[in-house]
Amino acid sequence: MTVQTAMIDAESLYTVNAGGFSATADAFARDPKDGTLWFLSMVGAQTALKAIWGSMLKQPPEPAHLIRGVDGIAISGGYQRCVIPPTTIGTWTTKIQRLPSSGGWHALVFTRMAEYAFERDDFLLLAESEDAAPALHHRFLDRRSPLPLHRDWAEWLWKRGQRRKEIIRLDSQGIVAYRCSPDSEALREDLSMAVGMGALTLQQPEAADG
């Protein structure tokens, strides 16, 4: 491995640090404006994983940071504060399991706002790619909207949400993440206008055979 390759590998890694413990963060979603952490996947010793998450859930929480680089070798400019959003307290789920190949442990930590059936208008969108986000957004939004939203409107709804600032992209690693805060009244007005102007069409039910 060359020095250049080693540097590239180090820059692609993150370390999460809290409560005096550290672990490797292989995926996360964070709002850079206020440092709020919305999703975290980390690998390390079981004791460290539990201690880190326990520290972040304390009220008030202990200082926590995401550090760009491997543990102890931070990349310049990659030291980021992170804190659990107050509005999500009580909604978090933690899944910890042993990694059979390495003997280490993996913790997946997420707010239930990322679950399709969670009973809250705001939701967290976690997608595998940018291309998959509009269809997933439509699925979540349709469940929460008092109006039926046809799947053919997915791209229009996605662009509208971004334009209205109802869809906010999060700084993320290992996953594509958006925080979504739909405004039902504004959506109703925009849909009515779009249908009236012909930008959206209302689908007619198919006639029954025979």
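Is K58 buried, partly exposed or exposed? Select K58: its relative accessibility is 42%, so it counts as partly exposed (buried is under 20% relative accessible area, exposed over 50%, partly exposed in between, with a 1.4 Å probe and protein chains only).

Before going on, note that this is a predicted model, in which local features need pLDDT of at least 70, side-chain atom pairs count only at pLDDT 80 or more, and totals for chains, interfaces and linings use all residues. Residues are numbered from 1 along each chain as its sequence is written, and side-chain values use heavy atoms, with hydrogens and water left out.

K58 and E62 form a salt bridge (a side-chain nitrogen of Lys or Arg within 4 Å of a carboxyl oxygen of Asp or Glu), with the closest N and O atoms 2.6 Å apart. E62 is partly exposed, at 28% relative accessibility.

Next, select R112 and E115. Their salt bridge has its closest N and O atoms 3.0 Å apart. R112 is partly exposed at 35%, and E115 is partly exposed at 26%.

Now go to E130 and R169, a salt bridge whose closest N and O atoms are 2.1 Å apart. This pair links distant parts of the chain, 39 residues apart: E130 lies in the loop between β8 (123-127) and α3 (133-144), and R169 in strand β9 (residues 167-169). Helices (H or I, at least four residues) and strands (E, at least two) are DSSP runs numbered from the N terminus. E130 is partly exposed at 35% relative accessibility, and R169 is partly exposed at 45%.

Last, select R160, R164, E166 and D190, which salt bridges with shared partners join into one network. The whole structure holds 8 salt bridges.
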